[in-house]
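Please read them with the coordinates open.

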Amino acid sequence: MKRLLIIVAVIFAVIFGGSLLKKDSKTSTADAKPTNHTVGSGTTGVVVKEYADFQCPGCGAFFPTLKEIKEKYKDKITFQFVHFPLSQIHQNALSAHRAAEAASNQGKFWEMHDLLYTNQNAWSRSTTIAKDLEVYAKELNLDIEKYRTEYTSSLTNSIIQADIKTGQELKVTGTPTFFIDGKKIEDNNSISTVATFSAAIDAAIAAKAGQAATPSQ
């Protein structure tokens with residue numbers, strides 16, 4: 001009888017413990033919030049937001065321009081990157097975004113961001129993508145075991161999906177899609193150079209300053 005009670009207790013513990021783990025897993029993924037990957041303190045109050053896909057050639061083409069823009073404006077603006085992998089057409093995109101998010105948990109999001117765009121042609125057609133992306137994690141001296149865990153975790157996926165949802169709510173359908181001070185740029189050709197992108201930012205800064213100078217009624 002005593003042995004039977006022990007067996008029942010063990011079975012109960014396994015079932016109950018498993019249900020708790022399942023509940024915790026659901027809670028962690030369901031509670032995933034959109035990211036806030038930003039650079040620049042934004043002293044002018046202007047935010048430049050990019051919805052991007054690491055495998056997207058168009059995003060890759062914009063990368064050098066954006067690098068110059070961030071260097072030019074520094075803390076005058078806040079630049080924000082938002083995950084928006086187009087997995088239907090870019091088979092390795094989600095993997096790349098997972099790698100960036102895993103790196104983010106070790107304070108190296110922007111470093112991984114730059115490596116992914118700099119080496120876009122090298123990994124885009126990879127058939128061993130997890131292994132290839134891990135090379136960049138090692139280059140950044142990340143804790144590899146921690147990186148591997150977070151690269152494959154359901155929470156990492158949920159965080160990326162939360163970013164995608166914010167884009168869908170803003171009618172984002174392709175990448176890169178830019179918002180300058182909340183205004184969607186409908187034609188990327190209009191900001192395709194450092195000069196034209198700067199002009200759009202300067203106009204937003206001037207408008208923001210004008211709003212601040214206008215006395216309240």
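Which helices each supply at least two residues of the lining of the largest cavity? The answer is α2 and α4 (109–118). Keep in mind that this is a predicted model. The points below start with that cavity.

1. **The cavity.** The count comes to one cavity of 30 Å³ or more. The volume of the largest cavity is about 40 Å³. Its lining is made up of Glu-50, Cys-59, Phe-63, Leu-66, Lys-70, Phe-79, His-113 and Tyr-117. Helix α2 gives the most, with four residues. By class, five lining residues are nonpolar, one is polar and two are charged.

2. **The pocket.** The largest pocket holds about 150 Å³ of space. Around this pocket are Ile-180, Asp-181, Lys-183, Ile-185, Ala-200, Ala-203, Ala-204, Ala-207, Lys-208 and Gln-211. Here helix α9 (residues 194–213) is the main contributor: six residues, the most of any element. The pocket lining splits by class into six nonpolar, one polar and three charged residues.

3. **α3 against α7.** Look next at helix α3 (residues 93–104) and helix α7 (residues 144–152). Their axes come within 8 Å and cross at roughly 130 degrees. That angle makes α3 oblique to α7. The crossing of α3 past α7 is right-handed. From α3, the contact uses Ser-95, Arg-98, Ala-99, Ala-102 and Ala-103. From α7, it uses Tyr-147, Glu-150, Tyr-151 and Thr-152. The class count for this contact is five nonpolar, two polar and two charged residues.

4. **α3 against α8.** Helix α3 also packs on α8, with axes that come within 10 Å and cross at roughly 105 degrees. The two helices are therefore roughly perpendicular to each other. On the α3 side, the residues are Leu-94, His-97, Arg-98 and Glu-101. They meet Thr-156, Asn-157, Ile-159 and Ile-160 of α8. By class, this contact has three nonpolar, three polar and two charged residues. Note Arg-98: this residue is listed in the contact with α7 and again in the contact with α8.

5. **The cis peptide.** Where is the cis peptide bond? It joins Thr-175 and Pro-176, with omega at about -5 degrees. Pro-176 sits in the loop between α8 (154–169) and β4 (177–180). Please check this bond by eye.

6. **Asn-188 and its partners.** Asn-188 lies in the loop between β5 (183–184) and α9. Which residues does Asn-188 contact, leaving aside its neighbours within four places in sequence? They are Phe-62, Pro-176 and Phe-178. Phe-62 is 126 residues away from Asn-188 along the chain, yet their C-alpha atoms are separated by 9.6 Å.

7. **A positive phi.** Lys-74 has phi near 45 degrees, a positive value in a residue other than glycine. Lys-74 is found in the loop between α2 (57–73) and β3 (77–83). Helix α2, at one end of that loop, is also the helix that gives the most to the cavity lining in point 1.

Conventions:
Residues are numbered from 1 along each chain as its sequence is written. This is a predicted model: local features need pLDDT of at least 70, side-chain atom pairs count only at pLDDT 80 or more; totals for chains, interfaces and linings use all residues. Side-chain values use heavy atoms; hydrogens and water are left out. Axes are lines fitted to C-alpha atoms, for helices over the stretch in contact, and angles run from 0 to 180 degrees between N-to-C directions. Angles under 35 degrees count as roughly parallel, over 145 as roughly antiparallel, 65 to 115 as roughly perpendicular and the rest as oblique. A crossing is left-handed if the near helix is turned anticlockwise from the far one by less than a right angle, and right-handed if clockwise. Contact means heavy atoms within 4.5 Å. Ala, Val, Leu, Ile, Met, Phe, Trp, Tyr, Cys and Pro count as nonpolar, Asp, Glu, Lys and Arg as charged, and the others, Gly among them, as polar. On a 1 Å grid over the protein atoms alone, a cavity is a set of points where a 1.4 Å probe fits but cannot get out, and a pocket is an open set with protein on both sides within 12 Å along at least five of seven lines; lining residues have an atom within 4 Å of a point. Grid points are joined across faces, edges and corners, and a volume is the space filled by probe spheres set on the points.
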